[in-house]
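This briefing goes through one protein model by topic. Please keep the sequence and the 3D view open while reading.

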Amino acid sequence: MRHLLAIQSRGGPLDDASIALARSLAAVTLPYRWYPMREEVWRSPSGRLVVMAWDNDPAAGPLIRVSEDGAHAVVEGGHEHERRAGGASRLAADGWTDTLTASVTLTRLVPLYWTETARVRLVGSRALLLARLSSTDTLPRYDLQGVAALALDGWIRSERTPFADVRILPSAGRATLDEGGVRVVAPAVSELGHGTVDAGLVSLGDLEQRLMHTVDLLAEDDLECDITGGRDSRLVAAALATRGVPFPMHTHGGPANPDVVVGRLVAAALGQPHETRVRTAATDRASIEIDLAARTRHALFAADGMLSAHSHIAERAPAWTREPARFGGHGGESLRGGFAKYIDPGLAITWDQADRWLGRQTRNLGRLFRAGILDDRESVARRAMAEDRAVGLSAAEAMARFYVTYRTGRWAAATHAARTTDGLRMPLFDDGITRLGLQASTTITAHDQLVHALTIRLAPALQDIPYAGRIVRSVDAAALDGKDERQFDWRWACTTAMYPAFAERILGRRAGALSPLVDESALRAWCARHEGSPEPTVLQVQLLWGLLSASVLLTNEWLEPDTGESRPVRIPVPEWADAVPDDG
């Protein structure tokens, strides 16, 4: 994983002490710092602009591309395969004018952040590093509105971050740093061409061409594919199969898991070998132990403070590994209508419905938070809806765009950061594929017809194989034959077995950390109503994990490798469970 940093002086040349400070802070703030990091530094002729890059890939070539005269430099972030496929962020420096241009893709698979002080302007791929460099404090300063959004949603859905004065570049955005300051530009809604392409063969042909281009750039002979019972991984598998190179396909789950049942059918139809990676059988243990403190610290640090510990973040690998290349269907939701389908499968969505859906967390849980603390979260959604409506988009199209603009980029960046060592390729996050998906009719994408039609175009043998999952369209699910694997998601035990640990954090001796965000009396009453609930709602679960994460963030415990307070929580495994998904 390659991380970037640019420092532009607002006065004279940057001295060696400034470079040394950036180097020392990078050593403690970059993720996966347990791997050796190679560093490169470029300075403009005047010394007022510095570009730095770090990479933990031992086989990486030069990190910064420098012109023959030494006055221009370009560096791209992320993984080698993202840079190869054009999915990486980019910094371009002009040393003669001391101007810097920063850009990110539509899905922001590799995000960039920016901030400025009275002395310098900063752009980089690690928000925590910018937060430390822009402050004289030894610990980050936090933006309470950003932290509140993290607590309520579990992710950040605006250009605000949890760090004071640190902002993220908008989707497909560009920033220019020069004598005039920092100018951030986001593409106009009309530039993305929403809903302008039919669902006919021309659209499918364009998507097929772009997908195969991306797969060819990312693929290597030694590759494998994660396959589930869903649409996205099947589309990727169909594209890989057209290359004519055998590749193993594997699925997590027991023999009764619908993903396994369908995954085997897909592999057989494509003529590829399939293996099952069995999750821990529930019969092997009566309970599991979870270290909440360690899990939360790891999730926050790996995700740069942008994702709550409710999300699974993979642990570090024991050593750097590049082979085999592993492909997955991550990012396909942007080709399937984003948020639109969750409001109304029939897509008869009014603007009032879209507004209510976007504000449902605030409507249901907003009273727990202090007045004004969620203002930014709400204004971003309203502004996006108003802009989309003004240019003639439908409410359904607006919901599809909102997913790509805010949800996809955050999820992609955080998940990818946690998978920096396992060679994962995610072609459906490709910028060109996502743009084409937005141009297709939302009526087609939200009903999954586009992905299904493209899959069959690539692999006609998959025509009659059903999909697993709670939403099944276009095909018959009879082949599943009622098979199901009853998995126990221990994260939902936050209202039962784990509740005392959550209550101690958000209501006990550390409750003061959350006092700037929440109304303590309202929160206590809410927790009392839901304590012991055997079937909590999604919002209840997300809020408890979000508040836990916000507390660990605001107390800066997430920056400590070990607080010395590890007390694993024991969670009973119910008798009905067939399997327990692995943590992480």
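A cavity here is a set of points, on a 1 Å grid over the protein atoms alone, where a 1.4 Å probe fits but cannot get out, and lining residues have an atom within 4 Å of a point. Grid points are joined across faces, edges and corners, and a volume is the space filled by probe spheres set on the points. The model is predicted: local features need pLDDT of at least 70, side-chain atom pairs count only at pLDDT 80 or more, and totals for chains, interfaces and linings use all residues. Residues are numbered from 1 along each chain as its sequence is written, and side-chain values use heavy atoms, with hydrogens and water left out.

**Cavities**

- Four cavities of 30 Å³ or more turn up in a search of the whole structure.
- The volume of the second largest cavity is about 100 Å³.
- Its lining consists of His-81, Glu-82, Ala-85, Gly-87, Leu-109, Thr-214, Leu-218, Met-426, Pro-427, Phe-429 and Asp-430.
- Helix 2 (80-84) and helix 5 (201-218) are the elements that give two or more residues to the lining of the second largest cavity.
- By residue class, the lining of the second largest cavity has six nonpolar, three polar and two charged residues; Ala, Val, Leu, Ile, Met, Phe, Trp, Tyr, Cys and Pro count as nonpolar, Asp, Glu, Lys and Arg as charged, and the others, Gly among them, as polar.

**Overall make-up**

- The protein has 19 helices and 21 strands; helices (H or I, at least four residues) and strands (E, at least two) are DSSP runs, numbered from the N terminus.
- Of the 584 residues in the protein, 59% are buried, where buried means under 20% relative accessible area, exposed over 50% and partly exposed in between (1.4 Å probe, protein chains only).
- Among contacts between residues at least 6 apart in sequence, 74% join residues at least 24 apart; contact means heavy atoms within 4.5 Å.

**Helix 7**

- Helix 7 (residues 258-270) has 13 residues and reaches 18 Å from its first C-alpha to its last, close to the 18 Å expected; the expected span of a helix is 1.5 Å times one less than its number of residues.
- Asn-257 caps the N-terminal end of helix 7, with a side-chain oxygen 2.8 Å from the backbone nitrogen of Asp-259.
- The buried residues of helix 7 are Pro-258, Val-260, Val-261, Val-262, Gly-263, Val-266, Ala-267 and Leu-270.
- These buried residues pack against helix 6 (231-241), strand 14 (249-252) and strand 15 (274-277).

**Helix 12**

- Helix 12 (residues 375-390) has 16 residues and should span 22 Å at 1.5 Å a residue, which agrees with the 22 Å between its end C-alpha atoms.
- Buried in helix 12 are Asp-376, Arg-377, Glu-378, Val-380, Ala-381, Ala-384, Met-385 and Asp-388.
- Just after helix 12, Gly-392 has a positive phi of about 95 degrees.

- Most residues other than glycine have a negative phi.
- Arg-108 has a positive phi near 50 degrees and lies in the loop between strand 7 (99-103) and strand 8 (113-116).
- Arg-108 counts as buried because its relative accessibility is 1%.
- Asn-556 has a positive phi of about 65 degrees although it is not a glycine, and is found in the loop between helix 19 (538-554) and strand 20 (569-572).
- Asn-556 is buried, at a relative accessible area of 13%.

**Individual buried residues**

The contacts listed here leave out neighbours up to four places away in sequence.

- Ala-22 sits in helix 1 (residues 16-29) and is buried, with a relative accessible area of 0%.
- Ala-22 is in contact with Leu-5, Ile-7, Met-52, Trp-54, Leu-129 and Leu-133.
- Asp-143 is in the loop between helix 3 (127-133) and helix 4 (144-153), and is buried at 8% relative accessible area.
- Asp-143 touches Arg-160, Thr-161, Pro-162, Phe-163, Ala-164 and Arg-167.
- Leu-514 is in the loop between helix 17 (499-506) and helix 18 (520-530), and is buried, with a relative accessible area of 0%.
- Leu-514 touches Ile-506, Leu-547, Ala-550 and Ser-551.
- The C-alpha atoms of Leu-514 and Leu-144 are separated by 9.8 Å, although the two residues are 370 residues apart along the chain.

How values were computed. A polar contact is a pair of N or O atoms within 3.5 Å; within protein, one must be able to donate a hydrogen and the other to accept it, and residues adjacent in sequence count only if both atoms are side-chain atoms. On a 1 Å grid over the protein atoms alone, a cavity is a set of points where a 1.4 Å probe fits but cannot get out, and a pocket is an open set with protein on both sides within 12 Å along at least five of seven lines; lining residues have an atom within 4 Å of a point.
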